[in-house]
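Q: I am new to this structure and would like a close look at a single part of it. Please keep the account plain.

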Amino acid sequence: MKSKLQHVLSIFCVLEEKQLGTMRFLFFLFVAVVLLLSLGSGKAIYKNGASQRTFQEIKEEIANYEDVAKAIINLAVYGKYQNRSYERLGVLVDTVGPRLSGSKNLEKAIQIMYQNLQQDGLENVHLEQVRIPHWERGEESAVMLVPRIQKMAILGLGSSIGTPPGGITAEVLVVASFDELQRRASEARGKIIVYNQPYTDYGKTVQYRVRGAVEAAKVGAVASLIRSVTSFSIYSPHTGAQEYQDGVPKIPTACITVEDAEMMSRMASRGDKIVIHLEMGAKTYPDTDSFNTVAEITGSKYPEEVVLVSGHLDSWDVGQGALDDGGGAFISWEALSLVKDLGLRPKRTLRLVLWTAEEQGGIGASQYYELHKANVSKYSLVMEADSGTFLPTGLQFTGSDKARAIMKEVMNLLQPLNVTKVFSNGEGTDINFWIQAGVPAFKTIIRRLRIAYKSRSPAQVFLQHCQQALPSCHAWVEESGHNQHMVYMTLYLTNSYDPGCQQSRRSQSA
C-alpha cells in the first residue's frame, strides 16, 4: 500500500510541475537570448566610458523590435514548431537514457546530436575533442542492522571510492552540521557519519554533499552518508558531485533519503545505537576522449564576433537526464532553429555549444575556454541554460550598470510573457570562465525548489517536461515554461546586438 501511495503522489507532483511551470521557463530563456542579439548597431555602446549613441536612441531601437518579438512568440507558442523541442528531447532521452561522463551512452548521444544539428541545416557543425573523467558506481547497498534491520536506498556520489571487499560495518554518528561534527570529533573515529543537515537553499546545503566525505575523514570516520540535497522527497536519494582533498584519506560516500536521515536522527536523539552495513562497488577509470558539440549561424556583419548559447549533454547515471540538462541543451538548440526558420540573419555569429562532462565540474567547458581564450575579446555574450525548465522569476545579468539599463529596456519586450525583471550575478558552471575574463553573461532565474525535487535522482525523467502544446492549453500558456523559455532565447539571438556590457578588456580590442 505504501509503495502505491508513493507512486500516486509522485505522479501528482510531476503533473503539477507540468501544468505550472515547464513550458513557461523554456519560452522565457529563448525570448531573452534572442532579444539581446536582436538589437543592434554592431558596435559596443560604451567604450572607455563614452557613449557612441545616446541611451534614448538605443531605447528607441529596442522598441522597434516589438514586431520581431511577436513573430517569435507566435511561431513558438502557436505555430507549427510549438512541440518541436519537446519531441526532439523525448527521442534522445528515450533512445539513449542517462549520459554519465565516460560512458558509451554519452558518446552515443553526442554522435546523435552531431547528426541532428547537421540535418537541421545549421552551419559549421563540428565536434571539439576533450578529455573527461570516467567513473562508474557499480553495485551498491546499505542495510541498517541495529536497532532493527532495514534496507536503505542510497546513491553513491560521483568519484567516490568503493568499499573494501565485504563492505563496511560500523556504528553511526548523526550530525546536523559541520560545526556539530567538529564538536563531536572525539566520537567520530571508526564510525559512519550521517549528515542530517536541514535544507535551506541549494547553494548552501550542497556543501554537505561536496565536502561531507572530506570533513568526515578528517575526524577519522570510515564512510559518510549525506541527506539528499532536496527540499522534497518521496524516499528518493539524489546523487551528484563530491570532492576529495589532497592529504585527506578518501572514504566511501553516498546520499541517502531525507526520510532515512530523519529517522536515524530521531533514533540518535533517543540514545539508540545505530549500525549500518555499507557496500559500494564504485571505481574510477583512466580519463577518456569525449567532445563538445558545436553549431552556428554565421553573422552577416561581424562573423568573427560570437554570441554563445549553451547547455550540457552529459547527465548523471540515474533517471534519463531529461531535466539536468536535457531540457537546457535542447532549448538552446531550438533557439538557433527558430532564428533559422524565421529567416533571420544575426549580425554576429550565434554559436551553440553542447558541453560534455559538466557534472564533473565543467570539464568540457574548461577545455573549450583554454582552446578559445585567445579570442576572448570577440565574445560578446555567453549564456547557459542549466537551471531547469520551470517557472521563471527573472533574469540574472552580469555586465556594467549601463548595460543593465539597456537590458531592462530589452526585457520590456517580454511583457506579454509577464517576466521582465533584471537581477545581478548571472553565472553558470560552464560560462564562469568567460565571466571571469570580463565577458557579459546571463542566466534565467527559476523556482529552484522545483528542480531540487528530482534533479540527480531516478525521478529525473522525460515526464518532468510538459508538452503543453495542445490547443486546449493555449489559453493558459502564460502559466507554462517550456515554450516561453524558447521564445526568450530566440528573441535575444535574432540580430546579435552587442549591449556594450563588456568590461574594460573590450576597449583593448576597439
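Which residues form one aromatic cluster?

A: The cluster is formed by Trp355, Tyr368, Tyr369, Tyr379, Phe433 and Trp434. The model is a predicted one, in which local features need pLDDT of at least 70 and side-chain atom pairs count only at pLDDT 80 or more, while totals for chains, interfaces and linings use all residues. Residues are numbered from 1 along each chain as its sequence is written, and side-chain values use heavy atoms, with hydrogens and water left out.

A search of the whole structure gives 9 aromatic pairs; rings of Phe, Tyr and Trp (its six-membered ring) pair if their centres lie within 6.5 Å. A pair of aromatic rings is described by the distance of the centres and the angle of the planes. For Tyr379 and Trp434 these are 4.2 Å centre to centre and 25° between the planes, and the pair is stacked. In this scheme, planes under 30 degrees apart count as stacked, over 60 as edge-to-face and the rest as tilted.

Tyr379 belongs to strand S15 (residues 379-384) and Trp434 to helix H13 (residues 432-436), so the pair ties together parts that are 55 residues apart in sequence. Helices (H or I, at least four residues) and strands (E, at least two) are DSSP runs, numbered from the N terminus.

Tyr379 has 2% relative accessibility and therefore counts as buried. Trp434, at 0% relative accessibility, also counts as buried. Buried means under 20% relative accessible area, exposed over 50%, and partly exposed in between (1.4 Å probe, protein chains only).
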